[in-house]
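Good morning, colleagues. I would like to take you through one structure today, beginning with a single side chain and ending at the ligand.

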Amino acid sequence: MGALAAALPATEIDLDLARTLLYHMVMMRELEDRIETKLYRQGKVLGGCYTGRGQEAISVGSAILSQPGDWLTPSHRDMGALLIRGIAPKEILAQYMGRAGGLTRGRDGNMHMGCAKRHCVPIISSIGASVPVAGGLALAMKYRGESNVVFNYFGDGATSRGDWHEGLNMAAVMDLPIVYLCNNNQYAYSTPLDRQMNIDDVVERAPGYGLPAEIVSGNDVLAVFKATRRALEHVRGGNGPYLIECKTFRMSGHSAHDRAEYVPGMLREEWSRKDPVLMLQKYMVDREWATEQDFKQIRKGVLDEIDNAVEWALAQPFPDPSTLEDDVYETAPSGGRLRSAP
Amino acid sequence: MTETTYVQAIRAGIWEEMERDPNVFVMGEDIAEYGGAFKVTAGMLERFGEKRVVDTPLSESAIVGAGTGAAINGLRPVLEMQFADFMACGFDQITNFAAKCRYRWGQQIPMVIRAPAGGNIHGGPFHSQNVEMPYVHTPGLKVVQPATAYDAKGLLKASIRDNDPVIFLEHKYLYRSVKERLPAGDYTVPLGKAKVRREGNDLSIVAYGWMVHTALDAAAQLAAEGIDMEVLDLRTLAPLDREAVLATVRKTNKVIFLHEDTLTGGLGGELAGIVGEHAFEYLDGPMVRIAAPDTPVPFSETLEKAFLPTVDEVIEQARNLHRY
Ligand SMILES: Cc1ncc(C[n+]2csc(CCOP(=O)(O)OP(=O)(O)O)c2C)c(N)n1
């Protein structure tokens with residue numbers, strides 16, 4: 001599991017699908033946990049460190065429906081999408097560690113990774129900027145008459161950016177094939193939703209651009225899956241973009257340095273009872289699709305995989321400083337090294 | 001054979017590239033049926049259809065972002081900014097994303113952003129600026145500004161075929177004020193290569209865009225006084241053709257840097273840095289910068305005239321430097 005081919009095509013909710021979803025959610029949970037609570041604290045991961053703890057259902061439940069020709073623009077809470085697209089835990093770890101074997105070869109850190117081969121655009125750190133870019137990816141699909149779509153992920157805070165509004169408006173005007181997936185985790189860094197927007201739900205913005213939108217429980221992976229399936233039917237049918245607002249909660253600080261003391265304890269407690277992994281497991285147990293023993297086994301398999309991946313990543317070399325000035329342009333400007341010397 | 005204006009040359013360059021490569025398309029505000037604010041894309045809708053001549057909402061950031069996304073997904077967008085001044089609205093997309101894609105994840109962005117720039121057209125503070133420097137300062141971008149119709153077409157075609165993002169600055173005053181006979185067949189002008197427009201031995205002037213013509217006019221008048229000024233047209237501002245700049249300085253030993261852009265942080269300072277580091281021992285006089293003063297571009301004719309560098313100013317500075 002973990003490879004794109006193994007995950008596709010998923011359309012019906014059955015035991016196989018449930019196991020696949022669970023595997024990716026557990027992998028995302030454990031991999032991020034390893035990165036944040038071990039490697040980061042040990043100083044093996046430097047810089048920022050963002051996780052999607054508690055939000056795994058969103059990227060996993062949606063990206064599982066992506067076809068190979070689709071493009072995805074995951075946000076910093078959407079590691080599950082990368083995993084589903086076949087990006088291996090070891091590549092992710094090497095990226096976090098700034099190694100030459102990481103997806104950006106040490107040029108960028110943490111979740112700022114992607115892969116052209118697997119159709120994942122790396123995070124554009126300017127929040128909201130991925131929305132117009134998703135439009136361009138989709139425009140090229142329409143240009144060639146393909147039935148592919150773009151999965152564009154962002155948080156509630158992103159919807160305050162001008163780019164978000166420009167991007168949505170343009171995509172709606174041009175009927176571009178995009179599924180917008182908003183993870184509304186109720187905070188943007190320390191800013192709560194009611195200081196971010198003067199409306200209750202992100203979907204209220206959609207009618208202003210003339211696109212359909214729906215709210216879904218972002219902690220219920222099957223609900224996300226079904227909503228995405230509905231959205232895809234609309235979008236692949238050539239009817240233009242579709243917005244899904246996934247209600248969820250960020251079960252961590254904004255990043256590893258942030259203790260999130262601004263979050264009321266009650267709120268966190270309330271959402272801890274809606275853990276997306278436990279919710280899926282309960283669904284599976286209720287249907288007698290799996291037992292606690294199965295879950296333990298899945299988790300153990302994941303942890304073993306992570307152990308091996310960490311070992312591999314730690315053995316990767318750091319990038320050679322002599323490569324610093326490579327790949328700024330297709331061909332290096334004449335005069336060799338860009339820095340001048342007397 | 002008729003002469004082609006700078007603006008016609010640009011139009012022809014896009015047209016030919018669209019005929020040549022089905023992945024090339026144009027996108028911008030009011031460019032389809034209307035043909036663009038300067039009519040660069042006039043007639044393209046009829047020839048190439050809606051799919052390849054894309055009108056957008058008034059959204060510069062979305063235009064650039066969508067261009068970048070389309071480039072990632074295999075197309076070769078040629079974007080039009082209605083005025084270079086408004087490229088600032090897409091600045092984040094250009095500098096924080098498009099410019100960095102190759103470096104971050106090895107993704108090429110074969111995209112051209114065409115932007116009508118420059119003054120002397122009574123455009124005022126929002127329609128006359130020379131906006132090159134923030135982009136010149138952004139690694140990963142190429143910045144081009146042609147001075148002639150021949151170069152406008154050849155550099156644009158080269159930019160469209162280039163696999164890096166190119167900011168293509170078109171001088172609005174040159175659009176209809178310069179023209180020449182162009183070769184019938186396909187040709188390109190390489191990016192990153194300056195051109196000596198006039199050979200000279202006494203001193204050099206380095207310029208680009210409209211200012212190349214100011215420099216040439218000044219050189220013609222100086223010749224009558226027996227001062228022989230070499231004129232170097234940079235053509236590409238990033239990456240700079242350092243060798244050509246150093247070569248002309250080593251040849252004449254005196255240099256003026258001329259640009260229509262404002263002085264502080266203008267390209268002249270960077271050029272002086274290069275010459276100071278690499279050709280200091282060749283200099284027989286101080287390096288001279290001629291540029292617009294550090295003000296917004298004013299509207300009123302008297303003010304704009306005072307703002308823009310003039311032929312007389314170049315002549316005076318050249319005489320002083322020659323005497324030095
Ligand atoms: C344009 C911009 N401003 C500020 C930041 C710093 N920043 C990074 S993430 C973030 C909060 C994002 O909130 P949201 O979009 O809701 O996503 P979440 O982190 O909650 O998933 C901020 C302010 C940024 N990356 N980009």
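Predicted model: local features only at pLDDT ≥ 70, side-chain atom pairs only at ≥ 80, totals over all residues.

Let us begin with Ser66(A), whose side chain reaches the backbone oxygen of Ala63(A) at 2.7 Å. Ser66(A) belongs to the loop that lies between helix H3 (56-63) and strand E1 (71-73) of chain A. Is Ser66(A) buried or exposed? Its relative accessible area is 0%, so Ser66(A) is buried.

I turn next to helix H9 of chain A, residues 221-236. Its 16 residues, at 1.5 Å a residue, should span 22 Å, and the C-alpha atoms at its ends are 21 Å apart, which agrees. At the N-terminal end, H9(A) is capped by Asp220(A), with a side-chain oxygen 3.0 Å from the backbone nitrogen of Leu222(A). After H9(A) comes Gly238(A), which has a positive phi, near 80 degrees. The buried residues of H9(A) include Val224(A), Thr228(A), Ala231(A) and Val235(A). As a general point, an α-helix has 3.6 residues a turn, so residues three or four places apart point the same way.

Now to the cysteines. How many disulfides does the structure hold? Over all chains there are zero.

Finally, the ligand. Which of the 16 residues around it come nearest? They are His76(A), Arg77(A), Ser125(A), Gly157(A) and Tyr187(A). By class, the shell comprises five nonpolar, eight polar and three charged residues.

His76(A) places a polar side-chain atom 2.7 Å from an oxygen atom of the ligand. A backbone N or O atom of Ile127(A) is 3.1 Å from a nitrogen atom of the ligand. A polar backbone atom of Ala158(A) lies 3.0 Å from a ligand oxygen atom. On its own the ligand has 580 Å² of accessible area, of which the protein covers 72%.

Thank you for your attention.

Definitions and conventions. Residues numbered from 1 in each chain as written. Chains lettered and ligands numbered in written order. Heavy atoms only, no water. Near = heavy atom within 4 Å. Polar contact = N/O pair within 3.5 Å; in protein donor to acceptor, adjacent residues only side chain to side chain. Areas by Shrake-Rupley, 256 points an atom, 1.4 Å probe, with all protein chains shown as cover. Nonpolar A, V, L, I, M, F, W, Y, C, P; charged D, E, K, R; others polar. Disulfide = S-S within 2.5 Å. Helix = DSSP H or I, 4+ residues; strand = E, 2+ residues; numbered from the N terminus. Expected span 1.5 Å × (residues − 1). Buried < 20%, exposed > 50% of the residue type's maximum accessible area, 1.4 Å probe, protein only.
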